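Biologist: Please show me the model. I would then like to ask what stands behind each label.

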Amino acid sequence: EFEPVGHKSANHLSITQADDDANEADRISSLDDKYLWHVHGKRYDFRSFVHQHPAGPTMILMGQGRDCTELFESYHAMTDLPSKFLKAYEVRPDEPPLEEPSFHWQTTPFFDALKTRVRAHFVATGRSHKASTGMCLRILIGLLSLFVITFYWLCGHWWTIIALPCVYWITCSLLLHSGGHSAISNNWRVNYYLSYFGCFHSSLTTWIHQHNIGHHTQTNIDGKDPDLQHFQHLEPDKAPGYRLTQQQPWVPKYTNFLVAIFFQMNFTALGPALMCEPLYYSSDAYLGTVPFMYLSPSTRKRHWVGRGLVFAWMFILPFALHGFIKGLFFSFIPYNLLGCLYFAFSQVSHLSDTCFDRAPPCPDSTCGRPEWAAHQVVSACDYSTRSWLWGFLSIGLNNQIVHHLFPAVDPSHYPDLAPIVEATCADFGVKYTAHGSWAEAWARHLQWVRVLNEVDPSTIIPAAEPPRAMPVKRCPARPEPPGAAGLLVDHD
């Protein structure tokens, strides 16, 4: 799917005993930052390691050319092994960081405690943190059901326009989500190829930029999290829209936010999958927030061939098989319903009044930055965390906090991990929000959207109310982990 920048010369440029030291020093000093990976302010040249990466080339190439500290830490949260090999790939150690970090990483007592407790859980249970046997059976049954429903959809049975998107959501959207996070298997090829079953939901290339690189690392940070930008549509004569944060500008058409919600939820799958693709790739950045750093011409060609096949399957084949009127129903109803399901289960997890409080700063931070893990907890909310049914229907999104902290852990383990995360939050004074039901979470989301969009904010006189203070529990200094600077999970 991806090729590293400079991949053709990677073997030639790798450091070996035969290299001339002076030439090698010159070569490293002249490397552009787009060739390198930036972790904790240091530069690493992993190009010779890309095809040896245990989780596959796609996962490591997410970080090339950008600050990938959050990706590195979260995807390796179950093992300290990767950090022990970093030094061998470090280059230009005396140069300043690529960019100013959003979070405090020098000491991470809260995240360290979470990792210790979650790892201990899997050791005690003797289970892998990848897909459980039950999850594997669910995937198999779901795929078999999907093939049967697709056959009847091709034959023109009306019930399939409802059944197809529902089964696709709980099976293929799950595979795109979990496979894209390398959470299903320790074999990277299993994750990679299973994720392609979600190609009608989104291109894997697009999904990784939007979800893994953008949303998971900079959650709810305006200008950095692309998921905050989807529905603005600031132009008065364009599609209905609304804003999701107080920092975003307000325009008069936002007063019709209920119409905008109905419109957007119907296109939440079709838009990213097909309609908005030219916009994303013509600007070389996903919604202007996540640059496409490593897409070669051949990768772009494969991407557009794939999008063309999806378009042909959904918007040419039904008309050819069933005629114009019936073809309209068989093309648009499945995509619209898939979009509604995606919208209903994704928006409630990060977009309500409880998700925009600032996480408490790390006690050892001199600049007031919070830990990344604390920020992830505060910027999300869960619901029905122990419910198997809601975990099934939401493809694990009901335990959003666990998912953001440990993206390489399969959703089948989230109900067991949620109490561990909640207890650790209580120990460290980090606000943990869990609603009693999806309906409650949805109501909070609608209330948040209403407050932001119903009235022009410039006409509102703020009430004289003191700011809320977050309780902060001072944490002990982190002990030095054995081996090397502490790091995290298995190779994804």
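**Labels and cut-offs**

Modeller: K115 lies over the face of F111, 4.8 Å from the ring centre. This is a predicted model, in which local features need pLDDT of at least 70 and side-chain atom pairs count only at pLDDT 80 or more, while totals for chains, interfaces and linings use all residues. Residues are numbered from 1 along each chain as its sequence is written, and side-chain values use heavy atoms, with hydrogens and water left out.

Biologist: Why is the aromatic pair of W158 and F329 called edge-to-face?

Modeller: Rings of Phe, Tyr and Trp (its six-membered ring) pair if their centres lie within 6.5 Å; planes under 30 degrees apart are stacked, over 60 edge-to-face, the rest tilted. W158 and F329 are 5.6 Å apart centre to centre, with 75 degrees between the planes, therefore the pair is edge-to-face. W158 sits in the loop between α6 (133-155) and α7 (160-180), and F329 in helix α15 (residues 324-346), 171 residues apart. Helices (H or I, at least four residues) and strands (E, at least two) are DSSP runs, numbered from the N terminus.

Biologist: Why is W158 called partly exposed?

Modeller: Buried means under 20% relative accessible area, exposed over 50%, and partly exposed in between (1.4 Å probe, protein chains only). W158 has 45%, so it is partly exposed. F329, at 39%, also counts as partly exposed.

Biologist: What makes β2 and β3 a pair?

Modeller: Two strands pair if DSSP finds at least two bridges between them. Strand β2 (residues 42-44) and β3 have 2 bridges, in the antiparallel sense, so they pair. The open sheet has 3 strands in the order β1-β2-β3. Its edge strands are β1 (37-39) and β3 (90-91), each pairing on one side only.

Technical notes:
A charge sits over a ring if NZ of Lys or CZ of Arg is within 6 Å of the ring centre and within 35 degrees of the ring normal.
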